[in-house]
Amino acid sequence: MIKILAIEDDLSQINMLRSKVETYNIKNKFGEQDKIFIEFRQNDDDIGKLLFEEKFDCLVVDINWGSSNPNGGRNLITKIINNKRIPIVVYSGKLNQIEDLDERFGFKKIDRTESFSVALDYIVKVKKTHIFDLLGYDGQLDKIVTEIFWKDIDKSLRAMPTEDDLDNKSLTRMLTTRVVNYLSLSNEDDKYKYYEFYINPSLTADCHNGDIYKLNDSYYLVITPECQLLKIGTANLLKINFSDKIDKTVLEPKNRLKRIDALARIVRDGNCFEHYIPPFNDNRHAVIDFREIITVNKSDLTEDKKETTINSVYMKNIQSRFSQYYSRQGQPDIDIDHLYKYLYETNN
């Protein structure tokens, strides 16, 4: 079920939007679980109360609410973007009044000359991502934070010796770590998804372990530990090679299970000197080559050259495999013929 709250004061528009939603539900053969519902308000007087008491999946906003409040729509959009987390669709004939507001995921501008079905298609698409079910104003993340607030905050604060130690950054770090740990608790059936591999965009402009940079048309991964990056002015980087061989290996088998098995062997095993990473550029597979390592000045790793950052959960595995490869102890080849002669010919 998808619930839409529309801010509209024109009765003819209200009737048209309601009719479009009914037609859309019939056309798509939506049952009760998938059905779209729409409610209307003439202004934003009670939106705060509605968002607190009910769960809406999207706001549809007009720019003008009558002559008495010509900037009502714009003010509401700004307020929501700055303070709330709910998708907004602006459906209006006066989009020129918000030309300075850029579209983004969760904020869509649609001219009223377009069918309202275009807006409904967008709303359904956003809903299917489940992003706002997690990050929305009443999403799963908020529920976890609420549970921590009422159940765990008292025990957490007992570890603080005095009130002088309560600074915002350390408290936020402590509590968000608890959220992350809560989400990391999984059963044996839970598996990480490939889209969790990267943090994009990167959190800071500074150079950190796990950052990927583009230097001279090639891509490199920062492998230097954080503690060392803080002390020295250089960083060690590993070359990232895009691999058409992976595509060929995966696509060659005709059987789907064989293709999945081929991909699994590449992802989990691979060569001892390579580590597979999911696509981050032009949807191409890539491998980190432990044999190709360079050292550059940190000053060369500028923000405009940073492509993305690998999630620290995955970096631990990469760093561990790199350390094993780099510290490997080779064994000299034994002369088999000589050994054979000693074991068999000499003794016999």
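Helix H10 (256-268) contributes six residues to the lining of the second largest pocket, the most of any element. Helices (H or I, at least four residues) and strands (E, at least two) are DSSP runs numbered from the N terminus. This pocket has a volume of about 720 Å³. Its lining comprises 20 residues, and those closest to the centre are Tyr192, Tyr194, Val267, Arg268 and Tyr276. Helix H10, strand E10 (274-277) and helix H11 (312-326) are the elements that give two or more residues to this lining. By class, the lining has 13 nonpolar, two polar and five charged residues. In this classification Ala, Val, Leu, Ile, Met, Phe, Trp, Tyr, Cys and Pro count as nonpolar, Asp, Glu, Lys and Arg as charged, and the others, Gly among them, as polar.

The model is predicted; local features need pLDDT of at least 70 and side-chain atom pairs count only at pLDDT 80 or more, whereas totals for chains, interfaces and linings use all residues. Residues are numbered from 1 along each chain as its sequence is written, and side-chain values use heavy atoms, with hydrogens and water left out.

Pockets and cavities are both found on a 1 Å grid over the protein atoms alone: a cavity is a set of points where a 1.4 Å probe fits but cannot get out, a pocket is an open set with protein on both sides within 12 Å along at least five of seven lines, and lining residues have an atom within 4 Å of a point. Grid points are joined across faces, edges and corners, and a volume is the space filled by probe spheres set on the points.

**Cavities**

The whole structure holds two cavities of 30 Å³ or more.

| Cavity | Volume | Lining by class |
|---|---|---|
| Largest | about 120 Å³ | eight nonpolar, one polar, five charged |

Fourteen residues line the largest cavity, with Asp57, Pro87, Val126, Lys127 and Phe132 nearest its centre. Helix H4 (116-129) and helix H5 (131-135) are the elements that give two or more residues to this lining, and H4 gives the most, with three residues. The second largest cavity is lined by Ala6, Ile7, Glu8, Leu17, Val60, Val61, Asp62, Tyr91 and Arg112. Strands E1 and E3 each supply at least two residues of that lining.

**Nonpolar core**

In soluble globular proteins, nonpolar side chains tend to be buried together. A nonpolar core is a set of buried Ala, Val, Leu, Ile, Met, Phe, Trp, Tyr and Cys residues joined through side-chain atoms within 4.5 Å. Buried means under 20% relative accessible area, exposed over 50%, and partly exposed in between (1.4 Å probe, protein chains only). The largest core has 23 residues, of which Ile4, Ile36, Val60, Val89, Phe116, Leu120 and Ile123 touch the most other members. At least two residues each come from strand E1 (2-7), helix H1 (11-27), strand E2 (36-41), strand E3 (58-61), strand E4 (88-92) and helix H4. H4 gives the most to this core, with seven residues.

Beyond its neighbours within four places in sequence, Val89 is in contact (heavy atoms within 4.5 Å) with Cys58, Leu59, Val60, Val61, Lys108, Ile110, Ala119, Tyr122 and Ile123.

**Salt bridges**

Side chains of opposite charge can pair when their charged atoms come close. A salt bridge is a side-chain nitrogen of Lys or Arg within 4 Å of a carboxyl oxygen of Asp or Glu, and a search of the whole structure finds 13 of them. In one of these, Lys3 pairs with Glu54, the closest N and O atoms being 3.0 Å apart. Lys3 lies in strand E1 and Glu54 in the loop between helix H2 (47-53) and E3, so the pair ties together parts that are 51 residues apart in sequence. Lys3 is buried, with a relative accessible area of 17%, while Glu54 is partly exposed at 27%.

Glu39 and Arg41 also meet in a salt bridge (3.8 Å, N to O); Glu39 is partly exposed at 27% relative accessibility, as is Arg41 at 24%. Asp57 pairs with Lys55, with closest N and O atoms 3.8 Å apart. Here Asp57 is buried, at 14% relative accessible area, and Lys55 is partly exposed, at 29%. Salt bridges that share partners join Lys55, Asp57, Lys127 and Asp133 into one network.

**Chain totals**

The chain contains twelve helices and twelve strands. Of its 348 residues, 34% count as buried.
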